[in-house]
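Thanks for coming, everyone. Let me put the structure up, and then we'll walk through it together.

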Amino acid sequence: MLARTQIGVEEYLGLVFNDRPEPDYVHGEVVERALPTPIHSQIQAALILLLAPLRQRMRLFLLPELRVQIEPRLFRVADLAVYRESLPQGRYATIPAYLAVEIVSPDDRHSELTERLEDYRRWGVPHVWLVDPQLKRLYEYSEAGLLQHANLGLLEFDFEISSQELFKDI
């Protein structure tokens, strides 16, 4: 387990993690993310496959495990970030995604997940989703907080995914 350590942004950006997920950087602290499980990876792959038809038609870019800079000293690694029109440039994204998806891992803490989702919302991500494979539930995060839905959608693209569809092979 990586201890929380105070370091500078450039030092964080220079870190290499071959044996565990890339950590977040939250106001000077390197914060380890929960280890993903095979189910976590299955959900990530399923989301990419379900969103793939929109990739060509709507010029969406589906980017798993993308490092994003939300504030000068706040970096997150999104389980899935979806961008419209163009790919982010550089070593990490500095403009808000169109959609940010987090997938719950067994070791995730609710308070940390909520903080992460709020960071995306505050940054200007219009669609923030949370997928819980253990409970087989879908949530959308907004100013109103975390709301459970049977389906999640991107109405402007006439796209909707149901919990049944996403979790059918889980």
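**Overall build**

Let's start with burial. Of the 170 residues in the chain, 46% are buried. Keep in mind that this is a predicted model.

The chain has an accessible surface of about 9,000 Å². Carbon and sulfur atoms account for 51% of that surface.

Next, dimensions. Along the principal axes, the C-alpha atoms fill a box of roughly 45 × 35 × 35 Å. Why does the radius of gyration agree with a compact globule? A compact globule of 170 residues would have a value near 15 Å, and the chain has 16 Å, so the two agree.

On to the elements. The chain holds four helices and 11 strands.

Charges next. The chain carries 18 positive and 26 negative charges. Where do they sit on average? The mean positions of the positive and negative charges are 2 Å apart.

Let me finish with one local detail. Please look at strand β8, residues 137-142, and strand β9, residues 145-149. These strands run antiparallel. How many bridges join them? Five bridges join β8 to β9.

How values were computed
Residues numbered from 1 in each chain as written. Predicted model: local features only at pLDDT ≥ 70, side-chain atom pairs only at ≥ 80, totals over all residues. Heavy atoms only, no water. Pairing = 2+ DSSP bridges. Helix = DSSP H or I, 4+ residues; strand = E, 2+ residues; numbered from the N terminus. Rg over C-alpha atoms; globule rule 2.2 N^0.38 Å. Buried < 20%, exposed > 50% of the residue type's maximum accessible area, 1.4 Å probe, protein only. Areas by Shrake-Rupley, 256 points an atom, 1.4 Å probe, with all protein chains shown as cover. Lys, Arg positive; Asp, Glu negative; His and termini not counted. Charge placed at Lys NZ, Arg CZ, Asp CG, Glu CD.
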